[in-house]
Structure formats: structure tokens, C-alpha cells
Amino acid sequence: AKNQRSRQCISAAVDMAEVGRAIGRNAELRDLQLDDLYCLDRQDVTLSRWMFGLLCDGINQNQSIEELTVCNFSHNQWSIGQFLGPFLANCPSLRSVCVMTGGGYTRSPENMHLLVAPLLERNDPLDELCFIETAVDDGMVVALVGVFLQNPHLVPKKLQIASCEFGLIGCQALAKLLKSPHCAMEILDIPDNYIEDDGAACLAKALVRNTTLKVLSLPENRITSAGWEVFAPVSCYVKRQYDQYD
């Protein structure tokens with residue numbers, strides 16, 4: 001049984017490495033989605049990380065991918081920044097990074113730093129950075145904003161933190177970013193979090209003098225009618241609910 005498993009692991013590793021090399025060589029590839037990586041090996045974390053590393057060795061050579069989506073990563077999905085560090089830092093065509101679904105046991109500021117550390121080496125910002133249904137809480141939003149305040153040239157045009165777990169403290173951090181004269185963000189999409197009236201007030205106050213943000217999206221939070229009133233003097237479009245086609 002051990003010999004059979006060893007042969008299966010070797011075969012899978014060869015396949016994973018070959019897929020990685022194929023991705024690395026593909027100059028026509030624009031959109032890469034790493035989805036459902038639970039299939040690597042649920043029982044052996046070390047083996048899983050090794051095999052994923054073989055895949056990423058190839059991906060790190062690609063210079064044409066524009067959009068990267070990581071979904072349902074089996075272990076600490078924030079370590080994607082370690083596995084794909086060279087790609088995230090150096091791929092000149094990369095414009096969008098989206099981390100989706102999972103990581104419920106990995107919430108900490110350190111994990112956010114793991115993901116964004118390679119982005120600090122980029123010369124150009126991303127157009128879009130998204131976290132959807134992940135474990136992004138107040139501490140992780142604070143960590144992300146701290147990185148952007150120290151490196152304002154890396155602020156993306158669109159920041160999406162949707163269906164996550166942050167509230168007032170995260171809003172206070174985002175307000176600091178929006179107040180920064182160097183913040184060029186155009187869309188802040190933060191629906192379905194734990195934002196209440198006090199968080200909304202922080203954001204509204206920050207936007208009074210902000211001239212770059214075009215859209216603030218806040219559907220499905222915990223904002224009352226009184227909370228929405230604080231956005232009256234704000235010039236950007238404040239989205240309160242999803243449109244029919246969202």
C-alpha cells in the first residue's frame with residue numbers, strides 16, 4: 001500500500017510540475033484561476049505544499065497573466081504570497097488579484113502581510129484587489145491599510161472586501177486611507193460585512209474632502225436609515241443595495 005501511494009504521489013507531482021511549466025510557457029494566458037485545491041492532499045499538509053510549490057514554480061515564470069483568482073485553497077490561503085511571490089512581484093501584465101472563499105481559520109494581520117508582501121516590490125499598482133467570503137477581519141483591514149499608507153503608489157483603483165468580517169475598526173482604518181491626499185482609489189466595494197452606523201459615519205466624514213473615489217458600495221451591512229443620512233454631503237455615488245443584475 002505504501003509503494004502504491006508513493007507511485008501515486010510521484011505521478012501526481014510530475015503532473016503538477018508539468019502543468020506549472022505549461023502555464024509558465026503560455027504567453028497567451030490572461031486569466032488564471034486556482035480553484036478547489038483541496039484535491040492536492042487533504043491528509044498530508046507537507047506533501048500538499050510541496051506539490052503546490054511545483055505548480056507555482058512554473059506559474060512564477062509567466063509574464064502574460066492579467067487576472068489571478070485563488071479560490072478554496074486547502075490550507076493557509078494567505079501563504080499564496082509565499083508560493084507565488086515572484087509572480088505577484090514581477091509579472092508586468094498582472095492587474096487583478098482575487099482571493100475567494102476559505103481561510104476561516106487563518107485570520108491575523110500577519111497573514112495579510114504574507115499576501116501583500118510581494119506586491120510591495122511592484123512598480124505599478126494593481127487595478128483590482130479583492131477578498132470575497134474570506135476571513136478578513138478588523139485586524140487584517142488595519143494591516144492592509146497600513147501597507148497602503150506607507151506605499152501609496154500601490155493603492156489599487158478598486159478594493160473589494162465582500163462578505164467578510166470587519167466592522168468599526170476596519171472602517172476607521174479605511175477612513176484614514178480615504179483621507180490620504182495620495183489615495184487614488186476609485187471604487188471601494190465593501191458589502192455584507194459588520195458595518196453599522198458608526199462605521200458608516202467614519203467613511204462619510206473621510207469622503208467629504210475626497211475627490212478621487214467614484215463609488216462606495218455598502219449593500220447588506222447593518223446601516224439604518226439614520227446611518228445613510230450621513231452620506232448626504234458626499235459627492236461620490238454611495239450604493240445602498242444591490243441592483244437587479246448584481
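Which residues does N210 touch, not counting residues up to four places away in sequence?

1. Basis of the note. This is a predicted model, in which local features need pLDDT of at least 70 and side-chain atom pairs count only at pLDDT 80 or more, while totals for chains, interfaces and linings use all residues. Residues are numbered from 1 along each chain as its sequence is written, and side-chain values use heavy atoms, with hydrogens and water left out.

2. The structure holds five salt bridges, a salt bridge being a side-chain nitrogen of Lys or Arg within 4 Å of a carboxyl oxygen of Asp or Glu. One of them joins the side chains of E18 and R21, at 2.9 Å from N to O. These two residues stand three apart in helix α1 (residues 2-25), and are therefore separated by about one helical turn. Helices (H or I, at least four residues) and strands (E, at least two) are DSSP runs, numbered from the N terminus. E18 is partly exposed at 37% relative accessibility, and R21 is likewise partly exposed at 42%. A network of salt bridges links E18, R21 and R25.

3. The pair E66 and R30. The closest N and O atoms of the salt bridge between E66 and R30 are 3.7 Å apart. E66 belongs to the loop between α2 (45-59) and β2 (67-71), and R30 to the loop between α1 and β1 (31-35), so the pair ties together parts that are 36 residues apart in sequence. Relative accessibility is 34% for E66, which counts as partly exposed, and 36% for R30, also partly exposed. Here buried means under 20% relative accessible area, exposed over 50%, and partly exposed in between (1.4 Å probe, protein chains only).

4. The pair K214 and E186. A salt bridge joins the side chains of K214 and E186, with an N to O distance of 3.9 Å. K214 is in the loop between α8 (197-207) and β7 (215-217), and E186 is in the loop between α7 (168-179) and β6 (187-189), so this pair ties together parts that are 28 residues apart in sequence. K214 is exposed, at 52% relative accessible area, whereas E186 is partly exposed, at 29%.

5. The surroundings of N210. N210 is located in the loop between α8 and β7 and is buried, at 6% relative accessibility. Not counting residues up to four places away in sequence, N210 touches L178 and S235, contact meaning heavy atoms within 4.5 Å. A polar atom of the N210 side chain lies 2.9 Å from the backbone oxygen of L178.

Definitions and conventions. A polar contact is a pair of N or O atoms within 3.5 Å; within protein, one must be able to donate a hydrogen and the other to accept it, and residues adjacent in sequence count only if both atoms are side-chain atoms.
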